[in-house]
Amino acid sequence: SALALAAAVPAMAQTRVTSDIPPGFKPSDDLKDFTIREVQIPMRDGVKLHANIVIPKGAKNAPIIFSRTPYSADKAITGLPSNRYSMALPTAYAELAAAGYIIVVQDVRGRYKSEGDYIIAKPLIGPLNDTKNDHSTDTYDSIDWLVKNVPETNGKVGTVGVSYGGFTTLMSLVNPHPALKAAVPINPLVDGWIGDDWFHNGAYRQSFLDWVYRMSADKSSRYGLQFDRQDTYESWLKAGSVSDMAKLIGVDKLPVFQKAVAHPAYDDYWKEQALDRILAKEPLKVPTLHVHSLWDQEDIYGAPAVYEAMEPKDKGNDENFMIIGPWRHGQNMNLDGSKLGAIDFDGNTSAWYREKVLIPFFDQHLKDGGKNAKLAPVTAFETGANEWHRYNRWPLSCASGCPSQSRSIYFSADGGLGWSAPGGAGGFAEYVSDPARPVTYRQRPILSTYNPQTSWGQWLVDDQRFAEARPDVVTFVSDVLTDDVRLAGQPIAKFFASTSGTDSDWVVKLIDVYPAEYPAAPEMGGYELAISMDIMRGRYRDDPSKPSAIPANKVVEYQLKLPQVSHKFLKGHRIMVQIQSSWFPLYDRNPQTFVPNIFTAKKSDYVKATQRIYSSAKYPSRIELPVIP
Ligand code: PG9
């Protein structure tokens with residue numbers, strides 16, 4: 001019987017079941033040519049910040065390259081699966097490791113494996129920060145710990161990072177630790193109201209709610225924002241105002257959105273955290289290389305602004321450097337630099353910059369007995385010509401005080417653009433701006449900003465013919481150029497316009513129109529490449545800190561400082577200017593009725609407006625171009 005059988009089988013000793021993951025197991029480094037030491041670095045308030053220290057095997061007396069990121073210190077050092085750091089690290093770190101550097105990447109306070117509270121772009125201790133720490137103190141404490149606890153180092157540290165990491169790199173320059181010997185802020189957030197991530201001249205970058213959601217819904221970005229349509233243009237239009245959308249997706253509960261709603265104008269909240277203003281007041285103690293991308297879709301304002309702010313401190317012109325490249329945001333670090341969208345640069349400009357500028361700069365300042373890199377104060381790629389240049393200053397051309405003087409190119413009412421000022425009564429170009437049919441910033445479908453399939457990073461080089469075709473975009477275009485026209489500096493649009501509304505946005509685009517037939521690359525025939533464009537909110541025309549209604553149907557003068565250019569319009573090309581009154585859904589719509597705060601505009605405030613751009617002896621609308629010989 002079954003009972004007898006069971007009695008015959010000897011009782012099995014009971015096996016104790018324990019975890020198959022042994023506590024404290026460390027993967028072996030034997031086959032690798034590098035080790036990663038994971039550490040928790042204590043700050044002055046006891047909070048511990050997580051960092052990965054990547055040490056190439058055999059490193060001795062090695063300088064440290066230090067980055068601080070909100071995007072995960074683990075992900076930041078993850079390249080391909082490999083035992084060789086040359087592949088296991090992302091490109092730029094791999095090249096730095098090969099050049100003899102130890103790489104340290106830290107999670108900023110409150111993100112991923114770091115303790116503490118995460119405050120987005122946390123301002124310095126002071127009126128906007130009542131805690132006892134900021135990025136300056138956290139960097140100081142971390143560097144102090146690193147030079148005392150990493151035996152392989154020579155005690156010299158350089159900070160580097162892109163965007164948010166560029167912002168933390170700039171923060172390392174405030175009360176810098178004595179071991180900090182060089183800094184490379186790349187495409188940093190500098191002024192979130194004038195021209196970086198949050199606003200441009202008062203127009204709100206609502207597409208960034210995607211970023212806000214990822215970064216503040218939890219501490220390790222597990223939640224991405226899902227819109228109800230693949231083409232987010234439809235989702236945004238259907239939702240209504242940015243605040244309506246915020247409510248719909250729950251972003252209205254996130255403090256960083258609430259702060260934008262509370263500070264729509266350029267008040268002290270923005271001014272006091274703008275890093276160009278802050279660093280203008282700090283002594284220049286650490287050699288700095290600012291890295292700027294000409295087609296930076298996120299932080300196109302920051303790098304040249306902070307370079308300019310620090311430049312007066314650089315008496316010998318040998319401590320404050322800038323490189324300007326033909327890149328999108330961050331393209332210079334880990335992405336190929338031979339193309340951006342359809343635009344070809346005749347070679348890998350990102351690799352060139354790292355080999356000829358970035359690494360020599362760090363070597364000079366961080367290696368014991370480092371060789372002088374002999375960098376020019378400014379290294380700039382000239383788009384159009386596809387050439388690198390060494391300059392001893394930036395800008396090279398401006399209204400006054402630069403080696404060359406800027407020159408105006410004038411709009412004419414019939415759609416022309418030329419070097420002579422309009423005479424006589426002239427006229428105007430007119431269009432109707434309808435918030436119900438806003439002009440898109442690129443061709444639809446427009447995927448959400450951080451959708452893995454998006455080409456968001458290249459939108460600034462999109463062919464602008466799609467916009468020219470719309471009746472609510474006005475175009476001014478020059479004759480075919482009989483000589484090259486070179487620009488090096490900041491174009492400034494000075495235009496006279498009226499609106500039938502009481503508030504309005506103005507978008508101005510400076511465009512290089514390729515010849516209609518372009519044998520070198522036939523698909524580029526007639527391409528309209530924007531080399532500099534931006535938006536302003538009319539209510540801030542007189543005072544960015546105090547909005548005022550635009551007098552309806554009156555001619556008003558506007559000034560819009562456009563992003564920096566280093567460009568050659570080649571003979572045979574044409575220069576074009578386009579103007580429109582919306583750039584949707586990247587920017588929220590202006591209701592075109594003056595309301596105290598656009599974040600709280602009601603549906604009925606959104607009205608059509610008739611816009612006119614004037615051109616006459618009295619109203620000579622133009623762009624001042626930073627022309628160089
Ligand atoms: N542009 C991003 C960002 C920086 C700072 C604040 C908010 C966003 C970034 O690429 O990090």
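Is R229 buried, exposed or partly exposed? R229 is partly exposed, with a relative accessible area of 35%; here buried means under 20% relative accessible area, exposed over 50%, and partly exposed in between, using a 1.4 Å probe and protein chains only. Before we go on, please note that this is a predicted model, in which local features need pLDDT of at least 70, side-chain atom pairs count only at pLDDT 80 or more, and totals for chains, interfaces and linings use all residues. Residues are numbered from 1 along each chain as its sequence is written, and side-chain values use heavy atoms, with hydrogens and water left out.

Let us stay with R229 for a moment. Its side chain meets that of E234 in a salt bridge, at 2.7 Å from N to O. The term stands for a side-chain nitrogen of Lys or Arg within 4 Å of a carboxyl oxygen of Asp or Glu. Side chains of opposite charge can pair when their charged atoms come close. E234 counts as partly exposed, at 30% relative accessibility. A search of the whole structure finds 33 salt bridges, and a few others are worth a visit. D218 and R222 meet through their side chains at 3.1 Å, N to O; D218 is buried with a relative accessible area of 13%, whereas R222 counts as exposed at 60%. R442 forms a salt bridge with D462, and the closest N and O atoms are 2.9 Å apart. In this pair R442 is buried, with a relative accessible area of 10%, and D462 is buried too, at 15%. There is also a network of salt bridges that links D45, R68, R109 and D138.

Now for the sheets. Strands of a sheet pair through backbone hydrogen bonds, either parallel or antiparallel. Helices (H or I, at least four residues) and strands (E, at least two) are DSSP runs, numbered from the N terminus, and two strands pair if DSSP finds at least two bridges between them. An open sheet of 10 strands has the order β1-β2-β4-β3-β5-β6-β9-β10-β13-β14, and its pairing is mixed. At its edges stand β1 (34-42) and β14 (387-391), each of which pairs on one side only. On average, neighbouring strands of this sheet are turned by 20° against each other, direction ignored; such angles run from 0 to 180 degrees between N-to-C directions, and the axes are lines fitted to C-alpha atoms, for helices over the stretch in contact. Within the sheet, β6 (residues 180-186) and β9 (residues 288-293) pair in the parallel sense over two bridges, and the bridge partner of A183 in β9 is T288.

Helices pack against these strands. Helix α6 (residues 164-171) touches β3, β5 (153-162), β6 and β9, and its direction makes about 135° with that of β5; contact means heavy atoms within 4.5 Å. Helix α4 (residues 91-98) lies across β2 (48-56), β3 (62-69) and β4 (102-107), running at about 140° to β4.

Another helix, α7 (residues 209-216), holds V212. V212 is buried, with a relative accessible area of 1%. Not counting residues up to four places away in sequence, V212 touches W198, A217, V251, L254 and V256. V212 and I120 are 92 residues apart in sequence, yet 9.0 Å apart in space, C-alpha to C-alpha.

Strand β20 (residues 474-477) pairs with β27 in the antiparallel sense over four bridges, and T475 stands opposite Q578. Seven bridges join β27 to β23 (residues 505-513), also antiparallel; here V507 has Q580 as its bridge partner.

Leaving aside neighbours within four places in sequence, F495 is in contact with residues including F411, W506, M536 and Y558.
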